[in-house]
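Open the model in your viewer and keep a selection tool at hand. The stops below go from one set of side chains to the next.

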Amino acid sequence: MAAPPQLQALLQAVNTLLRQRRYHAALAVLKGFRNGAVYGVKIRAPHALVMTLLFKSGSLWEKLRAILQATYTHSRNLACFVFIYKGLCALQSRVQGKTHQVHSFLAAFVGGFLVFGDNNSVNSQINMYLTSRVLFALCRLGVEKGYIPEPRWNVFPLHTAVFWGLVLWLFEYHRPMLQPSLQSSMTYLYEDSNIWHDISDFLIYNKSSSPSK
């Protein structure tokens, strides 16, 4: 069934507007907002679902509300950041007549401060994710530019060993310093595996609902 003529005319007008090059920068900001919202849902919803069902206590409604809240926060923050970043980049390019590398840093600096500066669990996870990847990228950039001597041997195994050693040391002796979600994961792996009462909570379940005495 064909769409009504009024709807077809509206869609044609919208598509014509979207193809106008003079509006491209503004429309890119809007699509960036859309993509940020969608990507935030795709990334956070599965993660929140798994982590909440595995490690959170409470009723089903409380768990569902926690999943929805985390997903909404991630999606909203990412959408707002992309909107601010692309908007400020476009504004700087328009004011100065061309694009400079510093535009990206300044736009993201402002967006990061405004959107991800609030110290909550979602922002903390996102910032930790970025921290590790930025440090890796800066090291590679330093080697590429000649600021850091290129290693003569594979440093990845040593890097891995040092950080695994540090994270388990922190977990065992300075646990509150670790992020709560990491604490929950490591408790499940390294502490819950020390406790069982019978075959049910040894192989089937992590914790028995009615442990034998």
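A charge sits over a ring if NZ of Lys or CZ of Arg is within 6 Å of the ring centre and within 35 degrees of the ring normal. Select Tyr 129 and Arg 133: the charged end of Arg 133 sits over the Tyr 129 ring, 3.8 Å from its centre. Then take Phe 171 and Arg 175, where Arg 175 lies over the face of Phe 171 at 3.9 Å from the ring centre.

This is a predicted model. Colour by pLDDT: the mean for the protein is 91, and 97% of its residues reach 70 or more.

Next come the aromatic pairs, which number six. Select Phe 33 and Phe 83: the ring centres are 6.1 Å apart and the planes stand at 85°, so the pair is edge-to-face. Phe 33 is in helix α2 (residues 24-55) and Phe 83 in helix α3 (residues 60-96), so the pair links parts of the chain 50 residues apart. Phe 33 is partly exposed at 37% relative accessible area, and Phe 83 is partly exposed at 38%.

Stay on helix α3 and select Phe 81 and Tyr 85, which lie four residues apart, about one turn of the helix. Their rings are stacked, 6.2 Å centre to centre with 10° between the planes. Phe 81 has 19% relative accessibility, under the 20% cut-off, so Phe 81 counts as buried. Tyr 85, at 25%, is partly exposed.

Last, show the surface and select Trp 153, Val 155, Leu 158, Val 162, Phe 163, Leu 166, Trp 169 and Tyr 173, a nonpolar patch with about 870 Å² of accessible area together. Leu 158 lies in helix α6 (residues 156-173) and is partly exposed at 46%.

Note on methods: Residues are numbered from 1 along each chain as its sequence is written. This is a predicted model: local features need pLDDT of at least 70, side-chain atom pairs count only at pLDDT 80 or more; totals for chains, interfaces and linings use all residues. Side-chain values use heavy atoms; hydrogens and water are left out. pLDDT is the predictor's confidence in each residue, from 0 to 100. Patches are made of residues with over 30% relative accessible area and no salt bridge: like charges are joined within 9 Å, nonpolar side chains (Val, Leu, Ile, Met, Phe, Trp, Tyr) within 5 Å. Accessible areas come from the Shrake-Rupley method with a 1.4 Å probe; for residues, only the protein chains shown count as cover. A salt bridge is a side-chain nitrogen of Lys or Arg within 4 Å of a carboxyl oxygen of Asp or Glu. Helices (H or I, at least four residues) and strands (E, at least two) are DSSP runs, numbered from the N terminus. Buried means under 20% relative accessible area, exposed over 50%, partly exposed in between (1.4 Å probe, protein chains only). Rings of Phe, Tyr and Trp (its six-membered ring) pair if their centres lie within 6.5 Å; planes under 30 degrees apart count as stacked, over 60 as edge-to-face and the rest as tilted.
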